[in-house]
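Hi everyone, thanks for coming.

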Amino acid sequence: MGNKQTIFTDEQLDAYQDCTFFTRKEILRLHGRYHELAPHLVPMDYTNEPDCKVPLALIVNMPELKENPFRNRIVESFSEDGMGNLSFNEFVDMFSVLSEMAPRELKAIYAFKIYDFNVDNYLCKEDLEKTLNRLTKEELTPEEVQLVCEKAIEEADLDGDSKLSFADFENMITRAPDFLR
Amino acid sequence: MKKGRRDPEAKGGEREEEEEQPEMKRCKTAKRRKNIKNENARKMEEEEEEAEVRNAKRKKKHAKREKGEREEREEDGGKRRVKEKAREGRRRTHTRVETSSEPETSEEDELEEESEESEVRPESLSPEELEMLKEAVYERKKLVQGLRGKPWPMKEKLVTLRESQEFVEKYEGALGKGKGRKIYAYKVMMSKKWMKFQRDFENFKTACIPWEMKIKEIESHFGSSVASYFIFLRWMYGINMILFCLTFGLVMVPEALMGRPYGTIPRKTVPRAEAASAMDFAVLWDFGGYAQYSVLFYGYYNNQRAIGWLKFRMPLSYFLVGVGTVAYSYMVVIRTMARNANESGVGDDNSFNFSWKMFTSWDYLIGNPETADNKFASITTSFKEAILEEQESCKDDNIHLTRFLRVLANFLVLCCLAGSGYLIYFVVRRSQKFALEGLETHTWWERNEVNMVMSLLGMFCPMLFDVISALENYHPRVALQWQLGRIFALFLGNLYTFIIALMDEINLKREEEKIIKFNITMWEASLYNATGSENSTALPVTFHPADVPRGPCWETMVGQEFVRLIISDTMTTYITLLIGDFLRAVLVRFLNYCWCWDLEAGFPSYSEFDVSGNVLGLIFNQGMIWMGAFYAPCLPALNVLRLHVSMYLQCWAVMCCNVPQERVFKASGSNNFYMAMLLVILFLSTLPAIYTIVTIPPSFDCGPFSGKKRMFDVIQETLESDFPAWFSKVFSYASNPGLVLPFILLMVLAIYYLQSTSKSYKEANVDLKKKLQTQNEENKRKNKLAALKAQTDLEEARAATQTAEQKNNNASLQHQHAEEEEDLGSSQRKNGRPPPSVRHQDGRPPATRAPAPRTLHPDTHRSLGYLPGGGFPQQREPRMHRVPSLQRH
């Protein structure tokens, strides 16, 4: 760090490195990005762990998330209050899970959360419809959407309750060739 | 009914299993606590006070634990579901983190307390307790290591981390006794230092990966398929860097520093006839003149066995580096392939077509609006295609047409390949004729015809193939592989025609060499005679080395050819990049203001980044490096330079003048496809190199192996002169066919065995998969049947109630209303929402009431009882909703 202003103590950085998939430099850069989002809200000095949160509207405008059809869901599922306000801890957490170093299992857990729009711990038909509409920008006709959702549930539903539990989802997603490259 | 019941039942079973474990644990902890209490009693007063406080705390916690016991047990086993996680997360916002009932933390708290008490006198611990403590420390350490993979919120992770670090710090030193303790402490300290070093090293390593930011930026603009090219390019750069280090450090530098300097012997001097033009740029550009007589090429190296004060074995080193280059490349490529294969694993079955499309088709790396739009469009079309396929899965009305078109396309491609092959052969033949007549009489084009034709073919044929492949109507990923395969065949054909032509030339040179050799002996004899007659005692007059006649040195010629090829290839790549991408983009951009149609959206538009072509270009370039590196040690250096420049140039070109692909698709798995092609190229390019090394005798007056019969004789020579006699004996025994053949046989057998086992594994895998699938289907069917049965039951019951109702109806209308009201009220109280039912139904017979809700209620209550607000109604709503609807239909 040298004579630069200290943002984190060494212990904090070490702790973050233990808890995430990032290196020291990346954590500092993340803080920079976080600070950029709301310079008036976020202090530069994090050594005494200030309590501040950045609202959803600012976070989803990051270029990394801006084009993502699920941006709101991503931010919401990582926020503690479920409304999308992220503290720095949660911010780091989000990027750690989204980083390429994170293992498949972890990604599957959070992917399930992201696709679970109504937070009932099941992917039901409405969730799938919402997912599909976001993926295709609502260019499919309602009948087509219906068909695709039914097919998807039929394929992946193992216990026959016509909605996908996490076990179903995990079973399906871990075999996908495109999931995590 | 069964549907509803199934779930809690299954859960109950699980819970029972999990219950046992914590029960045992609690017994143990209670025991320990007793011990410690006794101990405490013996201790001083102030400590007692402290202990009391702690006890109180523990009691509080205990009470709390009792309350949330059920839930804890559920979580205690390794089976933590996301559902529970989510609940937990919500709960955590309300309860203090430190005293949370999260299983691990709570248990650890307990342990910590215990050890806090015992800390005062670690010696007084019984070995059993010590063992426990050790275990706890070990557990903590493991927890810290696996912390980053835990799906907990960051706050909790940080707290857990701090706690367990403190714990470990405190009690690690207390373990071990007497003498062992010191050693233990030392060990702990060293391991801490080691961890720190490792972390720093990791940080350093990631900082050393070049172009990471650039590639990430491209990834976000163009999706992962374009980025995969750049990652591949970087990987190649790494390999070439190592090859360059090998040749540079072990061949070029020693020769330049310790070998005889330039101009001392004929092979290190520019001949008199060429000396005048040796410094001309045109000659140097062609790698003639001074460039030819330098460390860059094979011919410059001397055949002196050991050079310099280090006694560096130059010829041996040259040979070993040549072999090592190839061996290293094989190793790296195969290792990478194996790793990729492991990663990709299974995933060929098509059973989750729609779900995969839905959940994994978005490329989370995209951050550019245009790319995102393209991606949306491509996802939509892919869904539409899938729907179409699903709807008419057996549409074979125009399959004949498709087949015909595909055959036609392949025929056309074959024609192209044959034509290009013939063209190259023709050009090479013609250039040989020109070469015999002397290069100076011809124009620039005639001199560089071969390279130019090869480059032009490599440029235009892929475009042609692209047009042809439009006929075939494949999925883009399949189409890409076909396209790659075709371009591969084209390049390969070209390369091999080139090599065959080169072989012809080598043979010509060798004929020439024979004549020159004869002439030289004549010349030497005449020289000797002349000097002998003049002055019989003095040595022969020393000639300037530039005047000594010399052979054609075919090795240098081969090296030069390859270097020229690489240079021209690089040039054409860069020029096409500049013209085809940059100029086009500029024209489209600025002519658009004064043009009669929209250039940006219409015909020329901007170019897309051609992943397949670029990857193949890279692969073939590498193939040429491998082929020529033995005869021109400068090739890896040149290639490193080229890759470095093209990294920057292409990054720039992609970002400034390309548009994202229209059909963006992810590059999953195709990496191994590239690798497979690289392996094939590696094999095919080492083949001719090895052939020339093994079969053709080296030139008599140039290169490190001059004067030997074959190049590999250098090994034997070293064995004979540098190693003790017994070693060469052993070696000769080991290398006789009687030993080598059985060894090869053994290896073949081993390969066969491994292959057959892997095959059987694969079969078993497929079998298991099938079993799983059938089981799933069975399950589904069963569930469906059960649901159907329940429904029919319901129907019957309803019919029964309806008849009963009709009887009652007239009798007590008033009464019915009251009852209905009551029923409504109760269900409202229960559900928090009015039942979505038909009004005129009354008096549900108790027989039809499902036992499901009853078993469900307490469960949900108990497991959710700890939950504040939030998740409760959300959790219950769907279930409650379903039960009544099932009953009433």
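**The interface and the salt bridges**

Between chain A and chain B, about 6500 Å² of area is buried, and carbon and sulfur atoms give 59% of that. On the chain A side, A:D18, A:E67 and A:R175 lose the most area to chain B, together 11% of what that side buries. Please keep in mind that this is a predicted model.

In terms of contacts, 72 residues of chain A touch 76 residues of chain B. Which element gives the largest share of the chain A side? That is α9(A), with nine residues. By class, this side of chain A has 35 nonpolar, 11 polar and 26 charged residues.

Over all chains, though, the count comes to 12 salt bridges. In chain A, A:E150 pairs with A:K125, with the closest N and O atoms 3.2 Å apart. This one links distant parts of the chain: A:E150 sits in helix α9 and A:K125 in helix α8, 25 residues apart. A:E150 is partly exposed at 41% relative accessible area, and A:K125 is partly exposed at 27%.

In chain B, B:E561 and B:R564 form a salt bridge, at 3.5 Å. They are three residues apart in helix α21, which means about one helical turn separates them. B:E561 counts as buried, at 16%, whereas B:R564 is partly exposed, at 23%.

Finally, B:R305, B:R313, B:K708, B:E717 and B:D722 are joined in a salt-bridge network.

Definitions and conventions:
Residues are numbered from 1 along each chain as its sequence is written. Chains are lettered from A and ligands numbered from 1 in the order in which they are written. This is a predicted model: local features need pLDDT of at least 70, side-chain atom pairs count only at pLDDT 80 or more; totals for chains, interfaces and linings use all residues. Side-chain values use heavy atoms; hydrogens and water are left out. Contact means heavy atoms within 4.5 Å. Buried area is the accessible area (1.4 Å probe) that two parts lose on being put together, summed over both. Helices (H or I, at least four residues) and strands (E, at least two) are DSSP runs, numbered from the N terminus. Ala, Val, Leu, Ile, Met, Phe, Trp, Tyr, Cys and Pro count as nonpolar, Asp, Glu, Lys and Arg as charged, and the others, Gly among them, as polar. A salt bridge is a side-chain nitrogen of Lys or Arg within 4 Å of a carboxyl oxygen of Asp or Glu. Buried means under 20% relative accessible area, exposed over 50%, partly exposed in between (1.4 Å probe, protein chains only).
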